[in-house]
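The structure is shown first, and the explanation follows it.

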Amino acid sequence: MDGGILSTDCPLHKKNCTGTKEWKTGDRYEGDFKFGKPHGKGLFTWVNGDSYEGEFKNGVPNGFGKMNYEDGSAYEGQWLHGVKHGEGAYSFKCGDEFYGNFNRNYIEGEGTILFSNGESYSGNWEKNLPEGYGITSRNNGSQYSGTCKAGKKDGNGMVIWETGDTLKGTWTEGKIEDQANFIFKDGSSLISFWKDGQLVDEISYLTPDGEEFTGSQKEIASIIMQENYGEAETIESNLQMAWYGFAMEYKSNNDFESAKSNLQLAMEIREIDSDNKLHDLLNSQFKSVNSELQTGTCLL
């Protein structure tokens, strides 16, 4: 690269110098030098639009500094031998922001990402992806705590909604697998089984008094209607909440087709009344999922 020097006032024979250096490519550095290389504090501007201001050692970023990238993203934090290493903050071009630890240019260790849509993940990372235990807070009022593998929920986990409803289960590559227990705020619960991310038809619904209904969703609804069960409205509302909850799990994994199918299950349940807030929420999410199926999302 030195063979392409256009001008400099800090040549190789000067041990310590403060000045400028320009290359024929259009790159430019202004700051401290040591034997002709950036060393100390300075500003390096590349012809492609990238710029770095901070500490240098032997010609590369080393120590604390900020890199502004041509695409609008930026990193501010610790550097080692020219790569991001240590504590730092990264602003993505889509508006997401990460705060935490870097290891040789990778996000690794503890860190928190704040997504532009208001959601967040805080926990362990490996090679730029959530790995191990972490907590995800989402803008639908739910919070997931559990383990991830290669960026997807994998292992035991729990989702808590601000309503007090709770989902406990096991995830495999982001999909609910085997038994999932949905515990409602009124003390009733829904037990469902999943295989390869798909619902196994038979479910069990337990009331707070211990009464159990088992069968498909339609069979349970039929039993409730035939027996004129006194808590039918609550059961219908809880079932809607459960399928909405499962849909939001798939939506959070960007599996919009599965999210849509679970929302359809929720909407198949008889509308309780025109002012039902949950049914309004289902309609809103159904439109949102359809939109994201067409446009995609901003991903890390």
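**Cysteines, cores and a loop**

Cys 17 is buried, at a relative accessible area of 12%. This is a predicted model, and the values given here are computed from it. Cys 17 is joined to Cys 10 by a disulfide, with an S to S distance of 2.0 Å. The structure holds one disulfide. Its torsion about the S-S bond is about -70°, so the link between Cys 10 and Cys 17 is left-handed. Cys 10 is buried as well, with a relative accessible area of 1%. Another cysteine, Cys 148, is also buried, and its relative accessible area is 10%.

The next topic is the nonpolar interior. In soluble globular proteins, nonpolar side chains tend to be buried together. Here the largest nonpolar core has 29 residues, and those with the most contacts inside it are Leu 167, Phe 182, Leu 190, Leu 239, Trp 243 and Phe 246. At least two residues of this core come from each of the strands β14 (152-161), β15 (166-172), β16 (175-183), β17 (189-195) and β18 (198-206), and likewise from each of the helices α2 (232-252) and α3 (256-268). The largest share, ten residues, is supplied by α2. Apart from this core lies another one, of 18 residues, which includes Phe 56, Tyr 75, Ile 107 and Tyr 121.

Beyond its neighbours within four places in sequence, Phe 246 is in contact with Leu 167, Ile 176, Ala 180, Phe 182, Ser 192, Trp 194 and Asn 262.

Ser 192 belongs to strand β17. Is Ser 192 buried or exposed? Its relative accessibility is 0%, so Ser 192 counts as buried. The side chain of Ser 192 makes a polar contact of 2.9 Å with the side chain of Trp 194. When residues up to four places away in sequence are not counted, Ser 192 touches Asp 178, Gln 179, Ala 180, Leu 199, Ile 203 and Phe 246.

Most residues other than glycine have a negative phi. Arg 104, although not a glycine, has a positive phi of about 50°. Arg 104 sits in the loop between β9 (97-103) and β10 (106-114). Asn 105 lies in the loop between β9 and β10 too, and its phi is also positive, near 80°. Arg 104 counts as exposed because its relative accessibility is 52%, and the cut-off for exposed is over 50%. Asn 105, at 35% relative accessibility, counts as partly exposed.

Note on methods: Residues numbered from 1 in each chain as written. Predicted model: local features only at pLDDT ≥ 70, side-chain atom pairs only at ≥ 80, totals over all residues. Heavy atoms only, no water. Core = buried A, V, L, I, M, F, W, Y, C linked by side-chain atoms within 4.5 Å. Buried < 20%, exposed > 50% of the residue type's maximum accessible area, 1.4 Å probe, protein only. Helix = DSSP H or I, 4+ residues; strand = E, 2+ residues; numbered from the N terminus. Contact = heavy atoms within 4.5 Å. Polar contact = N/O pair within 3.5 Å; in protein donor to acceptor, adjacent residues only side chain to side chain. Disulfide = S-S within 2.5 Å.
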